[in-house]
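Reader: Hi! I'm new to this one, could you walk me through it?
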Amino acid sequence: MTNPSSFLQRLRGPFLAAALGLALTGCVGIYKSDVVSINSSTRLDDTPRIAVISAFQPELTLLLARLQGPAKHSVNGVEFTTGTLEGKPVVLFLSGISMTNATMNTQLVLNRFRITHIVFSGIAGGVNPQLHVGDVTVPAQWGQYLEVLMARETAPGKYSAPPFITDATLPNFGMMFPRPVEVRSAAKPEIVRKFWFEADPKMLEVARSIRNVDLANCNAGKCLARKPQLVVGGNGVSGQAFMDNKAYREYTYKTFQANVLDMETAAVGMVAYSNGVPYIAFRSLSDLAGGGDGENEMGTFMSIAADNSAKVMLAFLAAWK
């Protein structure tokens with residue numbers, strides 16, 4: 001007669017293995033389901049739309065107020081609002097502040113919506129000394145000016161790049177040597193190094209045709225010394241830092257001939273380039289990036305700048321065919 005204890009022991013191994021296998025199979029099934037849910041790039045809307053992006057809420061306020069037929073979608077905590085602006089189908093959303101947020105959420109809108117063009121509207125720091133707070137700029141190209149080599153000091157006040165880094169050819173600011181970024185695209189799958197990401201020529205042409213936009217110079221009793229103007233063309237630069245330094249502002253103008261700087265647009269331009277989607281950016285000066293008298297002006301003139309940028313962008317959409 002078989003010993004019951006021995007018999008149970010012999011069953012225990014296969015039974016536990018089978019049970020464990022079933023449990024793991026169930027877990028794998030659940031895990032796979034979660035991954036599909038999180039990473040799915042299923043489109044939320046099949047209407048061809050222009051993506052209208054701002055970095056943070058005050059920049060989007062006027063545009064949301066003008067949006068017709070709004071419908072909201074949420075992905076990864078980002079709220080996308082579809083509708084029409086100036087008769088054009090659009091999707092409005094906030095990129096979030098700084099380069100990584102802008103990169104991540106621009107790619108997200110491209111994955112989830114049928115985007116034909118990208119437009120950015122927001123505020124920026126002025127770099128060109130000929131420009132003033134409230135002016136609206138539409139640069140022809142954007143570069144990542146804080147993509148840098150931080151070089152070692154090889155002699156007092158002298159900094160040198162390692163011999164294997166050959167692309168740090170722009171003038172340095174102390175230990176910081178600007179470099180291009182690595183990028184590839186569907187059209188050019190091989191890795192290339194690129195500094196400037198060009199705005200779409202057709203979109204720039206339409207921007208140059210804009211006339212008679214009433215740009216504000218007063219808000220809540222605060223007024224600018226001069227009437228703002230629209231400037232189309234030239235360069236813009238973007239980086240991870242909020243810049244409020246006179247010396248670095250002067251270096252940025254001299255080195256990159258930049259009109260303005262911000263913390264998002266060049267990242268959006270890089271994603272647009274990689275995906276083959278035309279883009280343009282409208283940026284109004286809220287401050288002078290350290291070039292103004294006294295403390296930074298952004299807190300005083302942010303609302304004027306945000307609305308001025310939005311007004312020009314709306315005029316662009318009205319003119320866009």
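This is a predicted model: local features need pLDDT of at least 70, side-chain atom pairs count only at pLDDT 80 or more; totals for chains, interfaces and linings use all residues.
Author: Happy to; we can start with the overall picture and then look at some strands and residues.

Reader: Good to know. How many helices and strands does the protein have?
Author: There are seven helices and 20 strands.

Reader: And how much of the protein is buried?
Author: Of the 321 residues, 44% are buried. The accessible surface comes to about 16200 Å², and carbon and sulfur atoms account for 56% of that surface.

Reader: What about contacts between residues at least 6 apart in sequence?
Author: Of those contacts, 76% join residues at least 24 apart.

Reader: Let's go inside. Which residues touch the most other members of the largest nonpolar core?
Author: Those are Phe80, Val109, Ile115 and Ile118, in a core of 38 residues. As background, nonpolar side chains in soluble globular proteins tend to be buried together.

Reader: What does Val109 touch, then?
Author: Leaving out residues up to four places away in sequence, Val109 touches Ala51, Phe80, Val91, Phe93 and Ile115. There is also a second, separate core of 28 residues, and Val119, Ile210, Val312 and Met313 are among its members.

Reader: How does strand 3 run against strand 4, parallel or antiparallel?
Author: Strand 3 (residues 78-85) runs antiparallel to strand 4, again through five bridges. One of the pairs there is Thr84 with Pro89 in strand 4.

Reader: What sits between strand 3 and strand 4?
Author: The two form a hairpin with two residues between them. In the turn, Glu86 has a positive phi of about 50°.

Reader: And how many residues of strand 4 are buried?
Author: Five of its seven residues are buried, and strand 4 is mostly covered.

Reader: Switching topic: where does Asp262 lie?
Author: Asp262 is in strand 19, which spans residues 258-262. That strand is mostly covered too, with five of its five residues buried.

Reader: Why does Asp262 count as buried?
Author: Because its relative accessibility is 4%, and buried means under 20%.

Reader: Last one: which strands pair with strand 19?
Author: Strand 5 (residues 113-126) pairs with strand 19 in the antiparallel sense over two bridges, and Gly126 stands opposite Val260 there. Strand 18 (residues 235-238) runs parallel to strand 19, joined by four bridges. In that pairing, Asn235 has Ala258 of strand 19 as its bridge partner.

Reader: Thanks, that helps a lot!

Note on methods:
Residues are numbered from 1 along each chain as its sequence is written. Side-chain values use heavy atoms; hydrogens and water are left out. Buried means under 20% relative accessible area, exposed over 50%, partly exposed in between (1.4 Å probe, protein chains only). Contact means heavy atoms within 4.5 Å. Accessible areas come from the Shrake-Rupley method with a 1.4 Å probe; for residues, only the protein chains shown count as cover. A nonpolar core is a set of buried Ala, Val, Leu, Ile, Met, Phe, Trp, Tyr and Cys residues joined through side-chain atoms within 4.5 Å. Two strands pair if DSSP finds at least two bridges between them.
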